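Let's take a friendly walk through this structure, one region at a time. Keep the 3D view open as you read.

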Amino acid sequence: MRAAFASTFDADNPLAALAVGDRPEPTHPDDDWVTVEVRASSLNRHDLWSLSGVGLAPEQLPMILGCDAVGVDPDGNDVVVYPVVVDPSDPRGLSILSERFPGTLAERVAVPRANLVPVPAGLPLTDAACLPTAWLTAYRMLTNRGRIDEGEAVLVQGAGGGVATAAVVLAVALGKRVYATSRDAAKRDRIAALGATALAPGARLPERVDVVIETVGAATFDHSMKSAKPGARIVVSGATAGHEPKVNLRRVFALQLEILGTSMGTPAELAELLALCVDKGVRPVVDSVYGFSQVSDAFARLHSGEVFGKVVLDHSR
Ligand SMILES: NC(=O)c1ccc[n+]([C@@H]2O[C@H](COP(=O)([O-])OP(=O)(O)OC[C@H]3O[C@@H](n4cnc5c(N)ncnc54)[C@H](OP(=O)(O)O)[C@@H]3O)[C@@H](O)[C@H]2O)c1
């Protein structure tokens with residue numbers, strides 16, 4: 001079957017490690033696994049990390065990329081694929097599709113049947129394909145980890161990204177005051193159009209916030225700390241620009257800040273997110289939709305740093 005996969009690693013130019021071609025049909029490690037015919041998928045920074053050799057070992061190559069998919073299950077139902085699989089061989093006890101088990105950038109993907117979540121009526125497949133990784137992560141950052149109900153103001157760092165645009169849209173939909181930084185003036189205009197107050201990185205906020213959404217890391221972490229009000233939650237799910245920031249511990253204890261790590265979310269949280277999208281008419285921010293035959297162009301777009309929101313693949317083209 002046709003697939004996009006990591007054939008090697010290239011930390012300097014991850015695009016050079018991308019291969020598109022024929023891969024074997026999915027296999028089922030257990031009886032409770034099923035095969036989904038993929039209709040749409042979306043790219044994540046995770047796919048660029050994989051091509052760079054982060055999170056994959058050479059003996060796992062070639063590895064089909066992709067965490068996110070919507071498709072059709074063996075009974076003919078439209079389903080969102082929840083990408084986290086129980087994996088006792090991994091120290092985390094789990095792995096995300098494309099880490100140990102082949103990913104979603106293929107004609108078909110195998111997953112445990114319990115990982116299938118129905119696509120709600122009225123949600124286009126190319127929108128639903130954005131939700132399982134970036135949007136689920138952002139949803140959990142705000143709700144379970146950030147306890148957004150207890151606060152009114154949120155800061156989102158690096159707001160052009162997939163997780164960050166999701167956090168902006170969801171926090172606005174939940175009625176919060178949202179501040180968001182981006183390095184790029186054009187992206188700041190687009191963030192403002194989503195209902196947030198857009199700022200340059202490091203800019204002083206008009207108020208301190210209850211929740212900070214951090215996926216950038218070293219480049220923004222000091223600003224995140226300085227922007228947090230006493231008792232605030234700084235929720236971290238990524239470190240695109242460095243994972244070893246300087247941390248002022250005096251500020252952590254004096255202001256009783258919580259620095260919380262998080263990864264992905266649960267199937268129940270994915271179902272809640274889908275329901276929220278339907279109930280509040282929330283739709284993912286889609287940067288671009290490519291046919292699967294243009295998957296290399298889609299990766300180049302993600303790698304360009306110009307992306308605002310999600311890069312989606314339509315597998316029918
Ligand atoms: N733990 C999990 O479960 C989980 C799930 C999803 C993602 N992640 C991680 O979260 C991060 C974001 O993922 P994504 O898919 O949203 O990535 P993405 O779409 O590529 O977005 C990354 C964003 O980070 C900002 N950025 C990059 N370099 C920066 C720098 N030097 N200074 C300031 N900002 C910078 C950019 O924002 P601007 O251009 O607007 O400044 C960019 O839009 C990645 O590290 C990813 O691995 C983790």
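## Around the ligand

In the side chain of Arg-45, an N or O atom lies 2.8 Å from an oxygen atom of the ligand. A polar backbone atom of Ser-237 is 2.9 Å from a nitrogen atom of the ligand, and an N or O atom in the side chain of Ser-263 is 3.0 Å from a nitrogen atom of the ligand. Taken alone, the ligand exposes 910 Å², and the protein buries 86% of that; such accessible areas come from the Shrake-Rupley method with a 1.4 Å probe, and for residues only the protein chains shown count as cover.

There are 24 residues around the ligand, and Trp-49, Ser-182, Lys-187, Ser-237 and Met-264 come nearest. Here a residue is near if one of its heavy atoms lies within 4 Å of the molecule or strand.

## How to read the model

This is a predicted model, where local features need pLDDT of at least 70 and side-chain atom pairs count only at pLDDT 80 or more, while totals for chains, interfaces and linings use all residues. Residues are numbered from 1 along each chain as its sequence is written, and side-chain values use heavy atoms, leaving out hydrogens and water.

## An enclosed strand

Now find strand β18, residues 310-314. Strands (E, at least two residues) and helices (H or I, at least four) are DSSP runs, numbered from the N terminus. Because 5 of the 5 residues of β18 are buried, the strand is largely enclosed by the rest of the structure. Buried means under 20% relative accessible area, exposed means over 50%, and partly exposed is in between (1.4 Å probe, protein chains only). Lys-310, Val-312 and Asp-314 cover one side, with Val-311 and Leu-313 on the other.

Which strands join β18? Strand β3 (residues 33-42) runs antiparallel to β18, joined by 3 bridges, and Ser-41 stands opposite Leu-313. Strand β17 (residues 286-291) runs parallel to β18, with 5 bridges, and Ser-288 stands opposite Val-311. Two strands pair if DSSP finds at least two bridges between them.

## An exposed residue

Phe-253 is found in helix α7, residues 249-254. Is Phe-253 buried or exposed? Phe-253 counts as exposed because its relative accessibility is 60%.

Conventions. Polar contact = N/O pair within 3.5 Å; in protein donor to acceptor, adjacent residues only side chain to side chain.
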